Amino acid sequence: MTAALDLARVSRHFGGVRAVHDLTFNIAEDGITGLIGPNGAGKTTLFDLITGRVKPTSGTIRFRDIVLNGRDPGDIARLGLVRSFQSPMVLAGLTVRDHLRQAALFSAIGRPRDLLRRVSLSRARQQAIARADQVLEFVGLYAQAQQQAGALAYGLQKTLGLAMAVATGPRLLLADEPAAGLNGAETHRMEALLRSIRSQLGISLIVIEHDLPVVMRLCERIIVLAQGQVVADGTPAQVRQSQAFISAYLGSHQDAA
């Protein structure tokens, strides 16, 4: 399988703290990869590095052979690498459909200076409207389309956050703790949605998740971080048997980020 994402000796130091240190690995074009580790292992910092919110101290990050170092988050998102966040990022004054249309329009028009070369604003808006309704139907939020997003139950807000990422049309989606704060039934629905995003939309995923049973069920590959470094990498069965994984979750590693 083709590598969608390549990290080569990537580090990020905050003063004397090595939040991420000398990471080298790649993520295939196909599949769902889990990224796990104890609190402070560097998982969120790694997502920040990949999406351009934080610049690496050293090393190179490539997405589909395009170097991401120095690019701003908007440019990276338009390349097809998009992130959802642990806490739902909704605007209370907008409807659910408004959120999806804005996300889809961001992808459709690109940067303002590219507008005339790519598509007229009128056509872009039409595409965004159609795309938004397709995604609403896909994630199961069509019935809530006209509701104020801030009035949704927490579990539905989490679904909306993921839907906004999907509406941009990504090739690789970084999902930051999609099951955090969900009850059992909501967690199973979220798992099913993530699988459908991969199998039906063809979007690859990297998932940070503290709920280990979710990760073990959902992911074909799991990368374990501790102290900002990869300590285990393999299938769920391989990782479960790894002494480094066992040690990390028994707390023998000290938090570093």
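Q: Which residue stands opposite Val207 in strand 8, on the strand 7 side?
A: In this predicted model, Ala175 stands opposite Val207 in strand 8.

Q: Strands 7 and 8, parallel or antiparallel, and how many bridges?
A: Strand 7 (residues 172-176) runs parallel to strand 8, and five bridges join them.

Q: What about strand 3 and strand 8?
A: Strand 3 (residues 32-36) pairs with strand 8 in the parallel sense, over four bridges. Gly34 stands opposite Val207 there.

Q: Is strand 8 buried or exposed?
A: Five of the five residues of strand 8 (residues 204-208) are buried, so the strand is largely enclosed by the rest of the structure.

Q: Which residues sit on which side?
A: Ser204, Ile206 and Ile208 are on one side, with Leu205 and Val207 on the other. Both faces are covered. In a regular strand, side chains alternate between the two faces of the sheet.

Q: Switching to the core. Which residues touch the most other members in the largest nonpolar one?
A: Leu100, Leu162, Leu173 and Ile222 do, in a core of 44 residues. Apart from that core lies another, of 26 residues, including Leu5, Phe47, Leu68 and Ile223. Nonpolar side chains tend to be buried together in soluble globular proteins.

Q: What is Ile222 in contact with, ignoring neighbours within four places in sequence?
A: Ile222 is in contact with Gly34, Ile36, Val215, Met216, Ala232, Asp233, Gly234, Pro236 and Val239. Gly34 came up above, as the residue opposite Val207.

Q: Now Ser84. Where is it, and is it buried or exposed?
A: Ser84 lies in strand 6 (residues 81-84). Ser84 has a relative accessible area of 6%, under the 20% cut-off, so it counts as buried.

Q: How far is Ser84 from Arg131?
A: They are 18 Å apart in space, C-alpha to C-alpha, and 47 residues apart in sequence.

Q: Last topic, rings. How many aromatic pairs?
A: The structure holds zero aromatic pairs.

Q: Which ring does the charged end of Arg97 sit over?
A: The charged end of Arg97 sits over the ring of Tyr142, 5.6 Å from the ring centre.

Note on methods. Residues are numbered from 1 along each chain as its sequence is written. This is a predicted model: local features need pLDDT of at least 70, side-chain atom pairs count only at pLDDT 80 or more; totals for chains, interfaces and linings use all residues. Side-chain values use heavy atoms; hydrogens and water are left out. A nonpolar core is a set of buried Ala, Val, Leu, Ile, Met, Phe, Trp, Tyr and Cys residues joined through side-chain atoms within 4.5 Å. Buried means under 20% relative accessible area, exposed over 50%, partly exposed in between (1.4 Å probe, protein chains only). Contact means heavy atoms within 4.5 Å. Helices (H or I, at least four residues) and strands (E, at least two) are DSSP runs, numbered from the N terminus. Two strands pair if DSSP finds at least two bridges between them. Rings of Phe, Tyr and Trp (its six-membered ring) pair if their centres lie within 6.5 Å; planes under 30 degrees apart count as stacked, over 60 as edge-to-face and the rest as tilted. A charge sits over a ring if NZ of Lys or CZ of Arg is within 6 Å of the ring centre and within 35 degrees of the ring normal.
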